Amino acid sequence: MIDEQMLRYARHLMLEDFGFEGQEQLLNSRVLVLGMGGLGSPVAMYLAAAGVGTLIIADDDRVELSNLQRQIIHRNDAIGLSKVESAKQTLLSLNPDSQIEMIDYRLSEEEAATVIANVDLVLDCSDNYHTRHILNKLCLQARKPLVAAAAIRWEGIVTSFDFRQLHSPCYACMFDPEDNLGPDNCATLGVVSPLLGVMGSMQALEAIKLLIGARDTLVGKLAMFNAKTSQWKYLDIPKSSFCAVCG
């Protein structure tokens, strides 16, 4: 670690359970962030600022005016740009040492499997039920940790799955892949903008803890946040022996 990095990450280095070793782990990490929207914005910004060595950002969409209420990685002058190009500009302005790899098209399942095989951790920042289940399956197959979140209206959820551990449940233990859920997302139901910041920040925090080997994570737990009441609730997520994916 060079002198400039020691200064940039000084507040991490002061932490007993983080220190030089934890920072070096972040600097050597490769992380996939799928989705550069309301969740992916704070996730990518915090991970770049924290010193994750390589961020692979994936999104096939372009910046629109309606995005700017909550997708804080994008600026007004980025309207019309691909979201990954807009995001890369912001991330490099935060930390010019970040290595940013862009995927500006919709990955096939086979392509996604190849990308996931070559990263240390995946963050699901999508707003698509089908995509969430595909990522869950691919991360389980590759034994890569997955941090997932969702937010709608005034409520958000976040959890982690660490498929390096045999006892970890998976996304399908909570939500059956066969359920035919409607397209409930921000575009159809709305969302209060700071809620995305809360949930995305929690995702980034979980990612950092998993990357540095911290003990207390949300693996096996679902954290639920009500923005109207500012209250958190937690549910245990047992690994299901009947799960169609990991059982």
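**Figure 1. Helix α4 and the residue that follows it.** Buried here means under 20% relative accessible area, with exposed meaning over 50% and partly exposed lying in between (1.4 Å probe, protein chains only), while helices (H or I, at least four residues) and strands (E, at least two) are DSSP runs numbered from the N terminus. The buried residues of α4 are G40, S41, P42, V43, A44, M45, L47, A48 and A50, and just after the helix G51 takes a positive phi of about 105°.

**Figure 2. The surroundings of N95.** N95 is placed in the loop between α5 (83–94) and β3 (99–103), and with a relative accessible area of 1% this residue is buried. Leaving aside residues up to four places away in sequence, N95 touches R8, Y9, A48, A49 and G51, where contact means heavy atoms within 4.5 Å.

Figure 3. A cavity is a set of points on a 1 Å grid over the protein atoms alone where a 1.4 Å probe fits but cannot get out, and lining residues have an atom within 4 Å of a point. Grid points are joined across faces, edges and corners, and a volume is the space filled by probe spheres set on the points. By this rule there is 1 cavity of 30 Å³ or more, and the largest cavity has a volume of about 60 Å³. D124, R132, A148, A149, A150, I157, V158, T159, Y171, M174 and L222 form its lining, to which β5 (146–152), β6 (155–161) and α8 (171–174) each give two or more residues.

**Figure 4. Aromatic pairs.** Rings of Phe, Tyr and Trp (its six-membered ring) pair if their centres lie within 6.5 Å, and planes under 30 degrees apart count as stacked, over 60 as edge-to-face and the rest as tilted. The whole structure holds 5 such aromatic pairs. One of them is the stacked pair of F161 and F163, at 6.1 Å centre to centre with 5° between the planes, and both F161 and F163 are buried. F225 and W232 form a tilted pair, at 4.7 Å centre to centre with 35° between the planes; F225 counts as buried at 11% relative accessibility, whereas W232 is partly exposed at 30%.

**Notes to the figures.** Residues are numbered from 1 along each chain as its sequence is written, and side-chain values use heavy atoms, with hydrogens and water left out. Because the model is predicted, local features need pLDDT of at least 70 and side-chain atom pairs count only at pLDDT 80 or more, whereas totals for chains, interfaces and linings use all residues.

Terms used:
1 Å grid on protein atoms, 1.4 Å probe; cavity = no way out; pocket = protein on both sides within 12 Å on 5 of 7 lines; lining within 4 Å.
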